[in-house]
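Dear colleague,

Here is the structure for your files. Please open it alongside this note; my findings follow below.

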Amino acid sequence: MSKLFIAGEVFHGAGSLEELKNIKGKKAVLVTGGSSMKKSGTLDKAVAYLNAAGIETKIYEGVEEDPSSETCFKGAEMMKEFQPDWIVGIGGCSAIDAAKMMWVFYEYPDADFEAMIKPFSVPTLRQKAKFIAIPSTSGTGTETTGLAVITDREKGVKYPIVSYELTPDVAIIDGEICASMPAHVTSNTGLDALTHCVEAYVSNIDNNFADALSKGGLKIVFDNLKEAVQNPTNIAARQNMHDASFMGGLAFNNAWLGIVHSLSHQVGALFGVPHGACNAIFLPNVIRFNSKESSRFPDLAKVIGKETTEELAQAIETLRSEVNNQSAIKEFGISREDWDKNLDFMANNALLDPCTGFNPRKPSVEELKDIYNACYEGLVYSEEKVLNAAL
Ligand SMILES: [Fe+2]
């Protein structure tokens with residue numbers, strides 16, 4: 001017997017933000033990032049809808065990219081004073097993930113962050129508040145996942161905090177909110193959604209539900225990402241990408257991810273490379289690496305009109321360049337010296353990352369280093385090390 005984990009209530013479609021008018025409660029803290037939600041008017045709209053529902057609001061703004069545990073403690077302090085019965089994460093994934101951890105520390109002020117790094121260690125939530133997620137980017141699917149990625153800057157490590165307790169009670173998937181998303185964010189978050197679909201499909205705990213969501217999400221990304229990047233005000237393409245992001249999130253909440261994410265978490269934490277951009281570089285080579293143990297890639301290739309595993313990997317490389325994403329880690333200005341200095345550290349941490357346990361092929365540290373090195377240079381990975389230049 002298995003349980004399907006999904007956000008409690010899901011509202012989707014352009015304009016669905018208005019559902020906030022129907023929320024029942026007394027006080028809400030809205031947690032957001034820089035200024036994009038304010039500038040686009042989305043934050044004001046959300047506040048107005050909550051006020052119309054008779055809910056008093058307070059805003060925590062300024063969550064940084066790749067939020068730290070310190071930010072989460074700070075937000076929890078504000079919540080302890082205000083005592084909300086709803087926490088609303090609104091904005092990019094960083095804002096929503098930070099809001100999830102603020103929620104934990106609000107409910108459990110003495111909770112130990114280090115102890116929660118162990119998967120499924122978050123204590124029972126909803127003693128004080130419930131959680132609404134309103135994403136403004138179409139990639140992580142955090143609005144339906146039991147995952148929050150928090151960065152320890154001192155150690156240079158990104159920790160995926162994994163617990164179904166963190167799965168939101170309400171998710172609002174409103175493509176209109178994404179219209180102001182810059183092209184490069186649309187592009188790399190969309191490739192993150194694509195990665196979720198691929199990794200969930202070949203996970204070693206794959207299941208029928210995740211399979212259908214992964215295939216559906218993958219097709220939507222291939223059909224809509226270019227259009228969303230090139231014509232940002234095309235709300236239909238925006239909504240499609242937002243739906244695909246949710247589908248990828250729902251797929252991986254129930255099948256989990258693989259070593260693309262394990263590798264990316266390290267490069268993101270140490271060098272600040274955007275998560276989706278990292279994934280898009282690692283994914284084709286990880287597909288090649290995993291193909292030795294998983295026979296499922298040709299099924300995915302068929303979804304996009306291709307036949308073989310290699311054609312799938314190459315189609316991803318083509319899409320990646322069509323939406324102007326980098327094809328090598330070195331393009332982010334990381335010197336070979338810095339890379340080599342950190343390679344052992346990254347590969348060892350990647351092996352310990354919770355996502356590695358769900359990868360269809362069990363990697364060694366040496367193999368992870370080989371994939372890292374091929375992707376640093378933008379080369380095609382093969383069992384005989386690195387052969388050809390990638391697209
Ligand atoms: Fe991701």
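Contact here means heavy atoms within 4.5 Å. Please keep in mind that this is a predicted model.

Helix packing first. In H10, the residues Ala280, Ile281, Leu283, Pro284, Ile287 and Arg288 meet H12. On the H12 side, the partners are Thr309, Glu310, Leu312, Ala313, Gln314, Ile316, Glu317 and Arg320. By class, the residues of this contact are 8 nonpolar, 2 polar and 4 charged. H10 covers residues 275-290 and H12 covers residues 309-322. Their axes lie 9 Å apart, at an angle of about 170 degrees. That makes H10 roughly antiparallel to H12, because angles over 145 degrees count as such.

Next, the metal site. Asp192 (OD), His196 (NE2), His261 (NE2) and His275 (NE2) coordinate the iron ion at 2.1 to 2.2 Å. Along the chain, the donors follow the spacing D-x3-H-x64-H-x13-H. Aspartate 192 lies in helix H6 (residues 183-201) and histidine 275 in helix H10, so this pair ties together parts that are 83 residues apart in sequence. The site is irregular, with angles of 81 to 167 degrees among its 4 donor atoms. Aspartate 192 is buried, with a relative accessible area of 2%.

Last, the backbone. Most residues other than glycine have a negative phi. Glutamine 83 has a positive phi, near 55 degrees. Glutamine 83 sits in the loop between helix H3 (69-82) and strand E4 (86-91). Arginine 126 also has a positive phi, near 75 degrees. Its loop runs between helix H5 (113-116) and strand E5 (130-135). Glutamine 83 is partly exposed at 42% relative accessible area, and arginine 126 is partly exposed at 30%.

Best regards

Methods. Residues are numbered from 1 along each chain as its sequence is written. This is a predicted model: local features need pLDDT of at least 70, side-chain atom pairs count only at pLDDT 80 or more; totals for chains, interfaces and linings use all residues. Side-chain values use heavy atoms; hydrogens and water are left out. Axes are lines fitted to C-alpha atoms, for helices over the stretch in contact, and angles run from 0 to 180 degrees between N-to-C directions. Helices (H or I, at least four residues) and strands (E, at least two) are DSSP runs, numbered from the N terminus. Angles under 35 degrees count as roughly parallel, over 145 as roughly antiparallel, 65 to 115 as roughly perpendicular and the rest as oblique. Ala, Val, Leu, Ile, Met, Phe, Trp, Tyr, Cys and Pro count as nonpolar, Asp, Glu, Lys and Arg as charged, and the others, Gly among them, as polar. Donors are N, O and S atoms within 2.8 Å of the metal (3.2 Å for Na, K and Ca); water is not among the atoms, so sites may look incomplete. Four donors count as tetrahedral if all angles lie between 85 and 135 degrees; four count as square planar and six as octahedral if opposite donors are over 155 degrees apart and all others between 65 and 115; anything else is irregular. Buried means under 20% relative accessible area, exposed over 50%, partly exposed in between (1.4 Å probe, protein chains only).
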